[in-house]
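Me: I am new to this structure. Can you show me how to read helix packing and pockets?

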Amino acid sequence: MLSSQQFKAAALARMKRVATALFIAMAVLFVTGLLLQQRWEPFSYLRAAAEGGMVGALADWFAVTALFRHPLGLKIPHTNLIQRKKDELGASLGSFVQENFLTAQVLGPKVRELRLPQRAGIYLASEAGARATGAQLSVTASGLLKTLDDAPVLDLLRTLAEDYVVAPEWSTTLGTLGERLVTDGHHEALIDLLAERAEEWVRANPQVFTEVVAGRSPHWVPRMVDDLLASKLQNELVNLLGAVRANRGHVLRLSIASWLADFTRSMQHDPATIARVEAFKHSLLGDQALLELLGRGWQSLKAGLLASLADPASPLRVALTQAVQATGRRLLTDRALAHNLQERLEGAATSLATNHGEALVGLVSDTVAAWNPAETSHKLELQVGRDLQFIRINGTVIGALAGLGIHTAGQLILGVV
């Protein structure tokens, strides 16, 4: 399949052949008329028409060719115009674009006519548009995550964690929260959970009691006595834990609640307790420990985000698509938002033309200036050369008609004289 450039080159070559063939036809007619006009006078009209056509064809061939190269390789003045005037052409083209397109008077109404917020709203509100936009946003976000250097992210997370997690005092905050939980009775559920888990463990591990009793009793005590004592201890502990769970007024339960209340108050007001809590915090979140924790957290978060962004059915992708669709619907229903966005777009376009028009024009002129002269001429000839070949064809036809007309007028003048 031909490319665009190849197609244009083939069309240009075809039109050149047509124009050249027409010139050759005029040359043949000219020779024919010249040889036969002595035998029959009307052939002089054929000769005159062909002669005019040849002149017109040659003149227009010269004019068209002179635009792009030196005709027949002869460096005739004012030929090869495109290659010689390439830089001036680029500058003129840039000025033309700036004066006729990059103005607030042109861009403002054009941007307003496009009604971009409404078009965007219609597209984003549609299911297909929302899915496509969501997919593209996901691809972009995934690309950013994959190319993101983890080291700066971890440095930022570490700084934020040290400033907002490690540096603030924990003890008073945790003590206030704990005191509120105890006052509201939320500690009861915790005691129930601890008692239940402890009871389950005691029931499931009778050998622990047997080993403890056997290890502490004299060697002369029979094994059966140790087993009976261990079983008794296990049963008593199971009964104690069951009673704690069943009776909200149990003395052990009340003691635990009292200890929790005292401890939460000490966390708020006792300097020694506060210091111990803060020391525990720093030991838990030391430099290396904090860095490792943040590293694992960031890697897990990054892997989860990448997996969710890649899966169209993931909650994240579904939520993203819904957010895009909601944005589109809002652009269609919220006139104030659409109007504000339209004004911003018009302002951005006019500001771009006003403040950066020269830079954009410079892009045109600099690009043309960087082109190779011969390449520039070739590119322009491919764009307009096919149409210019019609000038050669028209010149041949007009020249033939002019030659015929001039010869006819001359014959009429001679006849009158």
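Me: At what angle do helix α1 and helix α2 cross, and within what distance do their axes come?

Reply: First, a caution: this is a predicted model. To read a helix pair, take the angle and the distance between axes. Here helix α1 (residues 4–36) and helix α2 (residues 43–68) cross at roughly 150 degrees. Their axes come within 7 Å. An angle over 145 counts as roughly antiparallel, so α1 is roughly antiparallel to α2.

Me: Is the crossing of α1 and α2 left-handed or right-handed?

Reply: Left-handed, for α1 and α2.

Me: Which residues in α1 meet which residues in α2?

Reply: Look at each side in turn. From α1 come Phe 23, Met 26, Ala 27, Leu 29, Phe 30, Gly 33, Leu 34 and Leu 36. The α2 side includes Phe 43, Leu 46, Arg 47, Glu 51 and Met 54. Then sort the contact by class: 14 residues are nonpolar, two are polar and two are charged.

Me: Now another pair. At what angle do α11 and α12 pack?

Reply: Helix α11 (residues 206–216) and helix α12 (residues 223–246) pack at about 130 degrees. Their axes lie 8 Å apart. That angle makes α11 oblique to α12. The crossing is right-handed.

Me: Which residues of α11 and α12 meet?

Reply: α11 brings Pro 206, Phe 209, Thr 210, Val 213 and Ala 214. Among their partners in α12 are Arg 223, Asp 226, Leu 229, Leu 233 and Leu 237. By class, this contact of α11 with α12 holds eight nonpolar, two polar and three charged residues.

Me: And how do α7 and α16 cross?

Reply: Read the angle again. The axes of helix α7 (residues 127–147) and α16 cross at roughly 125 degrees and come within 8 Å. That makes α7 oblique to α16. α7 passes α16 in a right-handed crossing.

Me: What does the contact of α7 with α16 consist of, by class?

Reply: Five nonpolar, five polar and three charged residues. On the α16 side are Arg 317, Leu 320, Thr 321, Val 324 and Gln 325. Those on α7 include Glu 127, Arg 131, Thr 133, Leu 137 and Ser 138.

Me: Let us turn to pockets. How much space lies in the largest pocket?

Reply: The general idea: a probe the size of a water molecule, rolled over the atoms, shows where empty space is left. In this model, the largest pocket holds about 200 Å³.

Me: Which residues line the largest pocket?

Reply: Its lining is Arg 115, Pro 117, Gln 118, Leu 331, Leu 332, Asp 334, Arg 335, Ala 338, His 339 and Gln 342. Next, ask which elements supply them. Those giving two or more residues are α6 (116–125), α16 (315–333) and α17 (335–370). The largest share, four residues, comes from α17. By class, the lining has four nonpolar, three polar and three charged residues.

Me: What lines the second largest pocket?

Reply: This pocket has about 170 Å³ of space. Gly 178, Leu 181, Val 182, His 186, His 187, Leu 190, Trp 259, Leu 260, Phe 263 and Thr 264 line it. At least two residues each come from α9 (171–183), α10 (187–204) and α13 (251–269). α13 gives the largest share, four residues.

Me: How many charged residues does the lining of the second largest pocket have?

Reply: None: the lining of the second largest pocket divides into six nonpolar, four polar and no charged residues.

Conventions:
Residues are numbered from 1 along each chain as its sequence is written. This is a predicted model: local features need pLDDT of at least 70, side-chain atom pairs count only at pLDDT 80 or more; totals for chains, interfaces and linings use all residues. Side-chain values use heavy atoms; hydrogens and water are left out. Axes are lines fitted to C-alpha atoms, for helices over the stretch in contact, and angles run from 0 to 180 degrees between N-to-C directions. Angles under 35 degrees count as roughly parallel, over 145 as roughly antiparallel, 65 to 115 as roughly perpendicular and the rest as oblique. A crossing is left-handed if the near helix is turned anticlockwise from the far one by less than a right angle, and right-handed if clockwise. Contact means heavy atoms within 4.5 Å. Ala, Val, Leu, Ile, Met, Phe, Trp, Tyr, Cys and Pro count as nonpolar, Asp, Glu, Lys and Arg as charged, and the others, Gly among them, as polar. On a 1 Å grid over the protein atoms alone, a cavity is a set of points where a 1.4 Å probe fits but cannot get out, and a pocket is an open set with protein on both sides within 12 Å along at least five of seven lines; lining residues have an atom within 4 Å of a point. Grid points are joined across faces, edges and corners, and a volume is the space filled by probe spheres set on the points.
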